[in-house]
Amino acid sequence: MTRRASILAALAALTAAVLTWACLHHGFFDSKVYSGAVRYWFREHGMVYDWLQPGTPYGFTYPPFAGIVMSPMAYLPYPLILVIASLATVATTALVTWWLVEGMVRRAGWTPWFAGGVAVALALCFEPIRETFSFGQVNTLLLALVVGDVLFGVARGRRWAGIGIGLATAIKLTPAVFILYLLVTRQWRAAATAIGTAATATLVAAGLFPEASREFWTAALWDTNRVGNLEYLSNQSLRGMLARLPVDTVESRLWIVCVLVALGFWVARARAAARLGDHLGGLALTGVMGCLISPVSWVHHWVWLLPAIVRCVDAGLSSDTDRRPLWLGGAAYVVLSSRLTWLWENGPRPPLGVVGSNLYVLFGIALLIWMPLGVPTGTPRIRRAVVARSPRAPWPG
């Protein structure tokens, strides 16, 4: 007990140091944008989409419903906003991580508080999550809404299934890919609930703030200058990868082809997951696909890789014969947490840079193709090895 508590305390200290280091680089930039924009909107009565962070071209890019959800930021002191945002990211990361690893922990017979604590520490050190923390972003909040909806609503046939996906879509449009997942896998009631929830939230926002809604849907949504340059290294999407290649004359057409191929492959695998009753697998595939096909997927958007990585690790540890999923999931976690891709932020692109500057995209493609489907049922290999060495010794986790 004491030894395990000491290990967790050391991991917590290391995680806190990693997150602090990340914050020194990004300084909660997105929280500054959110709070500045909603303050301009609610307290100064300006148009939220006209406001830009001083000295930058960046402004509020979310639908008006998201601004309503964030409206308390207009009245809270900025330090308190940062505390709330940081605690929310840690809490939602812990919640989602436990949801994802609980089955593996239970089958292995590991001590839940210790195994869960280790998993949460590893998750918080995963680059997309630590970037979400240091930018003060909303990605893990959306991840929690969708993962909770799929695992506890859709998977169990609850009448409320789809509400979480709908709310996430109303806050930020990219989770709409999970509505597409529900449609593709013929989960009609959940899809209708998700669409109805998103539409209701959007219409409520339009009724309360018609001018802001009109500005977003007719102008701000289509202004690509508000989100940054497509070729910037942090844009780890198929479009971003193509923008970094010397294919300017055919870039748009290549992107459409790549999106169609990714969508076709995803449809086939998502339907296969649905036939197996593998809701976590479908969720993981959809998260990866959404990041790949979106025109802009910053590194912090790739929190959606977490379910796919956990599935690969679980499947690899649970198999007696096939370790490849473990290697794939482990490599994705280690490489994408190492900041290796940032070595090419200002360096030459070809030949090695073509790989190095697109590591998220390449791992995303690999996970879309090779992530195992079907719910793992075996006891994780780590547990079996410990029991084989010492039948009476309890697993230290």
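## Asp322 and Arg324

Asp322 is partly exposed, with a relative accessible area of 24%. In this predicted model, the side chain of Asp322 meets that of Arg324 in a salt bridge. The N to O distance is 2.9 Å. Arg324 is exposed, and its relative accessible area is 63%.

Side chains of opposite charge can pair when their charged atoms come close. The count for this model comes to 8 salt bridges.

## Overall build

The chain has 19 helices and 0 strands. Its radius of gyration is 21 Å, close to the 21 Å that the globule rule gives for 397 residues, so the chain is as compact as a globular protein of that length. Along the principal axes, the C-alpha atoms fill a box of roughly 70 × 50 × 50 Å.

Buried residues account for 53% of the 397 residues.

## Surface and charge

The accessible surface of the chain is about 17,900 Å². Carbon and sulfur atoms hold 68% of that surface.

## A buried pair across the sequence

Arg311 and Asp278 form a salt bridge through their side chains. Here the N to O distance is 2.6 Å. Arg311 belongs to helix H15 (residues 306–318), while Asp278 sits in the loop between helix H13 (251–275) and helix H14 (279–293), so the pair ties together parts that are 33 residues apart in sequence.

Both ends are hidden from the surface. Arg311 is buried, with a relative accessible area of 3%. Asp278 is buried too, at 2% relative accessibility.

Glu127 counts as buried at 1% relative accessibility. Arg130 is buried as well, at 5%.

This pair is part of a wider group. Glu127, Arg130, Glu131 and Arg339 are linked in a network of salt bridges. Arg339 is found in the loop between helix H16 (324–337) and helix H17 (352–356). Arg339 counts as partly exposed, at 24% relative accessibility.

## Positive phi angles

Arg339 has another feature to check in the structure. Its phi is near 65°, a positive value in a residue other than glycine.

Phe28 has a positive phi too, near 55°, and is likewise a residue other than glycine. Phe28 lies in the loop between helix H1 (2–26) and helix H2 (29–42). The residue counts as buried, with 13% relative accessibility.

Asp30 is found in helix H2. The residue is buried yet has no salt bridge. Lys172 carries the nearest side chain of opposite charge, 7.1 Å away. A salt bridge needs the nitrogen within 4 Å of a carboxyl oxygen.

Which residues does Asp30 touch, not counting those up to four places away in sequence? They are Phe135, Gly136, Gln137 and His300.

## Met241

Met241 is found in helix H12 (residues 238–243). Met241 is buried, with a relative accessible area of 15%. The cut-off for buried is under 20%.

Leaving aside neighbours within four places in sequence, Met241 is in contact with Asn235, Asn358 and Val361. The C-alpha atoms of Met241 and Leu8 are separated by 38 Å. Along the chain, these two residues are 233 places apart.

Technical notes:
Residues numbered from 1 in each chain as written. Predicted model: local features only at pLDDT ≥ 70, side-chain atom pairs only at ≥ 80, totals over all residues. Heavy atoms only, no water. Helix = DSSP H or I, 4+ residues; strand = E, 2+ residues; numbered from the N terminus. Rg over C-alpha atoms; globule rule 2.2 N^0.38 Å. Buried < 20%, exposed > 50% of the residue type's maximum accessible area, 1.4 Å probe, protein only. Areas by Shrake-Rupley, 256 points an atom, 1.4 Å probe, with all protein chains shown as cover. Contact = heavy atoms within 4.5 Å. Lys, Arg positive; Asp, Glu negative; His and termini not counted.
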